[in-house]
Amino acid sequence: MHVLSVSSLKGGVGKTTVTLGLASAAFARGVRTLVVDLDPQSDVSTGMDIQVAGRLNVADVLANPREKTVRQAITSSGWAKVHPGTIDVMIGSPSAINFDGPHPSVRDVWKLEEALATIEADYDLVLIDCAPSLNALTRTAWAASDRVIVVTEPGLFSVAAADRALRAIEEIRRGLSPRLQPLGIVVNRVRPQSIEHQFRIKELRDMFGPLVLSPQLPERTSLQQAQGAAKPLHIWPGDSAQELAADFDALLDRVIRTGRIPIPDEFGTTRQS
């Protein structure tokens, strides 16, 4: 089971949107996927059309990471009505903010890792939508992860935030979790005709080289529309949506190669990528 955190240290750059796009690509590919909604805003849970009534949530898991609690906090996404496949959500909750203090104990930092270990046989890919800060929730996500995608946009302050995120990942890798690595930086909401955007993308490439992933994601309304309708991007109509879906397919290819994630073939059997 490959665990990927989707992170940013600056709000408003479309981190949750990128999580939903990758989840849609994984679901379309037949990868058994769990999305962990660790952001207290819980937008991923909303965008994936889940029923929360009568279920536990990620805050309950962080309080008690036993298998029974973990399974009661996971539910199938409404996306599963579209076509067969495993696309589940560990339900988000505003109560997760209670676990986001600035100085978590070592025991607290490892709770999500402990929880995910109980369901490792059930999924090939786990996507964690992180809180947009470097407090306890993000550190807990990174401790449970193999890789981190850093989401940014082509603006001055977001470039600085990406630099802070990469430094923080290295700090966690050295001090806590040696397996943790950055997958790279996803540049979101790009306007190709903008001279400022092209300048900032060049700046990112000059600073971070091959860590800046391709393709960059253009600014499109189609993903927000699909998100608002709680539908996967890959079934949303229109050329714009399908072009963006292809971009997320390309990013997922990178995740699959890096994580050596088994993907089902046309006959439903899996093979190692």
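Predicted model: local features only at pLDDT ≥ 70, side-chain atom pairs only at ≥ 80, totals over all residues.
1. **Overall build.** Start with the secondary structure. The chain has 11 helices and nine strands. Along its principal axes, the C-alpha trace spans about 50 × 45 × 35 Å.

2. Next, the radius of gyration. A compact globule with 273 residues would have a value near 19 Å. The chain has 17 Å, which agrees with that expectation.

3. Of the 273 residues, 53% count as buried. Residues 24 or more positions apart account for 75% of them.

4. **Charges.** The chain carries 29 positive and 31 negative charges. How far apart are their mean positions? The answer is 3 Å.

5. Look at strand 5, which covers residues 125-129. Aspartate 129 lies in this strand. Is aspartate 129 buried or exposed? Its relative accessible area is 0%. The cut-off for buried is under 20%, so aspartate 129 counts as buried.

6. **Aspartate 129: polar partners.** Two threonines deserve a look here. The side chain of aspartate 129 makes a polar contact with the side chain of threonine 16, at 2.9 Å. Another polar contact, of 3.0 Å, joins the side chains of aspartate 129 and threonine 19.

7. Set aside the neighbours within four places in sequence. Aspartate 129 is then in contact with Val6, Lys15, Thr16, Thr19, Val36, Asp37, Leu38, Asp39 and Val44. Find Thr16 and Thr19 in that list. They are the polar partners from the previous point.

8. Now go to strand 1, residues 2-7. Valine 3 is found there. Its relative accessibility is 3%. Buried means under 20%, so valine 3 counts as buried.

9. **Valine 3: neighbours.** Which residues does valine 3 touch, not counting those up to four places away in sequence? They are Leu116, Val126, Ile128, Ala144, Ser145, Asp146 and Arg147. Val126 and Ile128 are among them, and strand 5 spans residues 125-129.

10. **Valine 3: a distance to check.** Valine 3 and serine 133 are 130 residues apart along the chain. Their C-alpha atoms are separated by 19 Å.

Conventions
Residues numbered from 1 in each chain as written. Heavy atoms only, no water. Helix = DSSP H or I, 4+ residues; strand = E, 2+ residues; numbered from the N terminus. Rg over C-alpha atoms; globule rule 2.2 N^0.38 Å. Buried < 20%, exposed > 50% of the residue type's maximum accessible area, 1.4 Å probe, protein only. Contact = heavy atoms within 4.5 Å. Lys, Arg positive; Asp, Glu negative; His and termini not counted. Charge placed at Lys NZ, Arg CZ, Asp CG, Glu CD. Polar contact = N/O pair within 3.5 Å; in protein donor to acceptor, adjacent residues only side chain to side chain.
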